[in-house]
Amino acid sequence: MNTKKIILLTLLVLFILFPISTFIPTSDLAIFLQGARTIVNGGKIYVDFIDIKPPIAYYSMVPIYLISNIDNHIVRLIEYFIHCLTAIGLGLYLYKKVNYKVGLFSAFAYSLLVVTLNTPESFQLELIFNFLIILILIIHTNIFNKEIKKSFGLILLEGAIIGLYFSLKYTTGLILLGLLLFDIFYKKKKFLYFLKYYLILALGFITSALLCLLPLIDNQTFNGYKDMLEFLRYYVNFVGT
């Protein structure tokens with residue numbers, strides 16, 4: 001790969017995403033950090049702090065809370081750094097696998113959409129953890145048309161990453177549908193191959209998703225979680241009437 005092209009792609013991403021570092025605090029960001037603070041201070045989510053996000057959403061924010069101590073400027077710099085790595089990684093991967101124009105456009109489009117869509121609510125878990133999708137893409141293309149025995153570990157890892165992403169926000173489980181459609185149209189394999197592949201994927205997915213629910217082992221946390229779900233049920237019924 002050409003060094004000058006890589007530098008150009010990197011500088012473009014750094015420039016487009018820079019406004020993120022200046023974004024003001026938002027409600028979702030404050031909720032995530034408050035949940036993380038509750039955990040760090042020995043409290044229990046859904047008991048001492050109540051919100052409607054999955055448990056792993058707050059635990060994933062603990063490192064950011066510990067680094068930033070709820071300083072919005074530091075949090076936004078962390079967010080800027082994560083998005084830059086994601087966009088640059090996406091661009092370089094597609095540059096290597098396809099061509100430079102595709103890589104450059106992808107990095108440009110990703111950066112622009114992150115900055116402009118729903119400003120300044122760019123700190124959403126499905127965006128912060130978008131790099132997981134790139135990892136899934138890399139794994140899936142690397143095991144493309146390989147034998148199951150030779151790629152068992154990678155398939156398991158792919159399922160675990162999807163399980164983690166799903167646990168952060170349940171609607172991201174649609175990634176599985178995208179993979180299935182991709183495989184049906186592009187993988188020239190027999191039904192038995194797909195059956196084995198997706199059984200291994202499901203094993204990684206379920207294991208990861210269950211591990212993300214470990215905080216609910218605590219009885220108080222579990223009861224608080226059930227109460228939250230019950231509230232959501234009443235809320236949805238109320239809004240729907």
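## Thr172 and its contacts

Thr172 is in contact (heavy atoms within 4.5 Å) with Glu126, Tyr165 and Phe166, leaving aside its neighbours within four places in sequence. This is a predicted model: local features need pLDDT of at least 70, side-chain atom pairs count only at pLDDT 80 or more, and totals for chains, interfaces and linings use all residues. Residues are numbered from 1 along each chain as its sequence is written, and side-chain values use heavy atoms, with hydrogens and water left out.

Thr172 sits in the loop between helix H9 (152-168) and helix H10 (174-186). Helices are DSSP runs of H or I, at least four residues, numbered from the N terminus. Thr172 has a relative accessible area of 11%, so it counts as buried (under 20% relative accessible area, 1.4 Å probe, protein chains only). A polar atom of its side chain lies 2.5 Å from the backbone oxygen of Lys169.

## Helix H9

The buried residues of H9 include Ile155, Ile161, Tyr165 and Leu168. Glu158 and Ser167 are also among them. Their cover includes helix H3 (55-59), helix H7 (125-128), helix H8 (131-142), H10 and H11.

## Nonpolar cores

A nonpolar core is a set of buried Ala, Val, Leu, Ile, Met, Phe, Trp, Tyr and Cys residues joined through side-chain atoms within 4.5 Å. The largest has 45 residues; Met61 and Phe123 touch the most other members. Helix H11 (residues 191-211) gives the most to this core, with seven residues. A second, separate core of 19 residues includes Tyr80 and Leu94.

Not counting residues up to four places away in sequence, Phe123 touches Leu29, Phe32, Met61, Ile64, Val75, Arg76, Glu79 and Ile128.

How values were computed
Buried means under 20% relative accessible area, exposed over 50%, partly exposed in between (1.4 Å probe, protein chains only). Helices (H or I, at least four residues) and strands (E, at least two) are DSSP runs, numbered from the N terminus. A polar contact is a pair of N or O atoms within 3.5 Å; within protein, one must be able to donate a hydrogen and the other to accept it, and residues adjacent in sequence count only if both atoms are side-chain atoms.
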